[in-house]
Amino acid sequence: MRPRFILALLLLPFLWAGCKQPAKKVETRLIQACFVSDTEPVSKDSCVSILNKRLYAYDSVSTVSQNGDTLDIRIPVGGDASVYTELVTTPGELTIYETYLFKEIYSAVNELNKLMVSAKLGKALSIEGQDYSFLDEEEYPITHLFSGLEYEYRYGALLGYVAAKDTAFVNRMFQLDGVRALFPSDVLFCIGRAEKDGLFPYYTIKQPKDYKPIDNSMIAGAKTDFSPQGYCQTCVTLKEPYVSLWAEMTGNNVNKSLSIVIDGIVISDPIVNSRIDGGAFCISGNFKQQEMKVLASVLNGGYLPARIQMVR
């Protein structure tokens with residue numbers, strides 16, 4: 001009896017394999033997108049490849065195929081179309097910049113306040129439906145636009161917070177040659193993600209000529225996990241040739257901040273505590289887990305060089 005028992009044990013894995021049910025096919029539905037007509041000429045095939053990498057990184061099920069001028073996107077039935085819209089239409093251009101600490105440009109901010117008074121910029125920059133002439137009667141008009149300016153020695157490159165209704169005025173002001181002349185020539189005023197109270201942070205980042213920031217081409221991969229504090233984050237690993245560049249960049253900016261920018265918006269402005277030699281960094285902050293998953297998928301797929309819009 002023993003030989004038959006041993007034979008049965010040997011055959012059991014094969015019998016079990018034969019009884020296993022095939023993997024259940026995920027049902028999908030179709031949504032569509034197209035290339036925007038005024039997009040610069042790019043390889044559509046390469047864009048489709050980028051999108052498929054993003055979708056595979058996100059759920060390993062969804063796919064994109066080109067059907068003439070239309071992109072056919074198969075997503076799981078029940079999948080949130082808004083999430084896939086973000087995956088398909090987001091350019092995903094990542095750059096990491098060195099910054100100016102607020103204390104480094106604090107005197108320029110004071111000079112800007114004086115210029116606003118003397119040049120009556122409130123009236124000069126008002127447009128129909130947006131009357132800012134009241135600023136010309138104030139002693140400190142800039143404090144009516146920015147909150148948080150009183151903390152000269154705070155950490156980071158945060159300039160201050162601006163209400164949504166005032167961002168257009170602030171952007172016009174920062175484009176004036178007379179205003180830019182008050183600040184370092186390589187400063188770039190960059191807006192951040194809206195806070196819970198509806199205010200938008202502005203940051204002062206460095207953008208000197210011939211400067212090579214960390215960007216998408218240097219990324220080896222990205223994934224989501226949780227910080228020791230329990231916050232969801234996206235962790236990025238750089239390709240080997242750029243590990244030393246990252247180490248040098250972080251080493252030169254200890255106790256300063258580096259602004260992580262996605263598609264022109266600062267999404268994180270972490271303080272560098274020490275040189276980072278491992279070629280990796282994590283993006284964290286006031287993000288939901290779903291947002292971090294989408295961000296990791298976008299970064300894994302790469303920068304999308306074409307403008308794409310959904311077809312209704």
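Helices (H or I, at least four residues) and strands (E, at least two) are taken as DSSP runs and numbered from the N terminus. On this basis, aspartate 263 is placed in the loop between β11 (258-262) and β12. The model is a predicted one, in which local features need pLDDT of at least 70 and side-chain atom pairs count only at pLDDT 80 or more, whereas totals for chains, interfaces and linings use all residues. Residues are numbered from 1 along each chain as its sequence is written, and side-chain values use heavy atoms, with hydrogens and water left out.

The chain contains nine helices and 14 strands. Of its 312 residues, 42% are buried, where buried means under 20% relative accessible area, exposed over 50%, and partly exposed in between (1.4 Å probe, protein chains only). Contact denotes heavy atoms within 4.5 Å. Among contacts between residues at least 6 apart in sequence, 68% join residues at least 24 apart.

A nonpolar core is defined as a set of buried Ala, Val, Leu, Ile, Met, Phe, Trp, Tyr and Cys residues joined through side-chain atoms within 4.5 Å. The largest such core has 26 residues, and those with the most contacts inside it are Leu145, Phe146, Leu159, Met173, Phe174 and Phe183. The elements giving two or more residues to this core are α4, β5 (158-163), α6 (167-174) and β6 (187-191). In soluble globular proteins, nonpolar side chains tend to be buried together.

With neighbours within four places in sequence left aside, methionine 173 is in contact with Leu112, Met116, Leu121, Leu125, Leu145, Phe146 and Val179. Phenylalanine 183 is found in the loop between α7 (177-180) and β6 and is buried, its relative accessible area being 6%. Beyond four places in sequence, phenylalanine 183 touches Ile105, Ala108, Val109, Leu112 and Phe189. Its C-alpha atom is separated by 9.9 Å from that of threonine 204, 21 residues apart along the chain. Alanine 168, in helix α6, is partly exposed, with a relative accessible area of 31%. Alanine 168 and leucine 125 are 43 residues apart in sequence, and 9.9 Å separates their C-alpha atoms.

Aspartate 72 belongs to strand β3 (residues 70-76). At 14% relative accessibility, aspartate 72 counts as buried. Apart from neighbours within four places in sequence, its contacts are Leu30, Ile31, Gln32, Thr63, Val64, Ser65 and Asn67. The C-alpha atoms of aspartate 72 and arginine 29, 43 residues apart along the chain, are separated by 10.0 Å.

Positive phi angles were found at two loop residues, described next. Lysine 120 has a phi of about 50° although it is not a glycine, and lies in the loop between α4 (106-118) and α5 (121-124). Lysine 120 is partly exposed, at a relative accessible area of 44%, and touches Leu115 and Asp136 when residues up to four places away in sequence are not counted. The C-alpha atoms of lysine 120 and tyrosine 132, 12 residues apart along the chain, lie 9.7 Å from each other. Aspartate 263, likewise not a glycine, has a positive phi of about 50° and is partly exposed, with a relative accessible area of 30%.Pockets were identified on a 1 Å grid over the protein atoms alone, a pocket being an open set of points where a 1.4 Å probe fits, with protein on both sides within 12 Å along at least five of seven lines; lining residues have an atom within 4 Å of a point. Grid points are joined across faces, edges and corners, and a volume is the space filled by probe spheres set on the points. The largest pocket holds about 360 Å³ of space. Its lining comprises 14 residues, of which Glu86, Arg193, Ile262, Ile267 and Leu295 lie nearest its centre. β12 (265-268) and α9 (289-301) each supply at least two residues of this lining, and α9 gives the most, with five. By class, the lining has eight nonpolar, two polar and four charged residues, with Ala, Val, Leu, Ile, Met, Phe, Trp, Tyr, Cys and Pro counted as nonpolar, Asp, Glu, Lys and Arg as charged, and the others, Gly among them, as polar.
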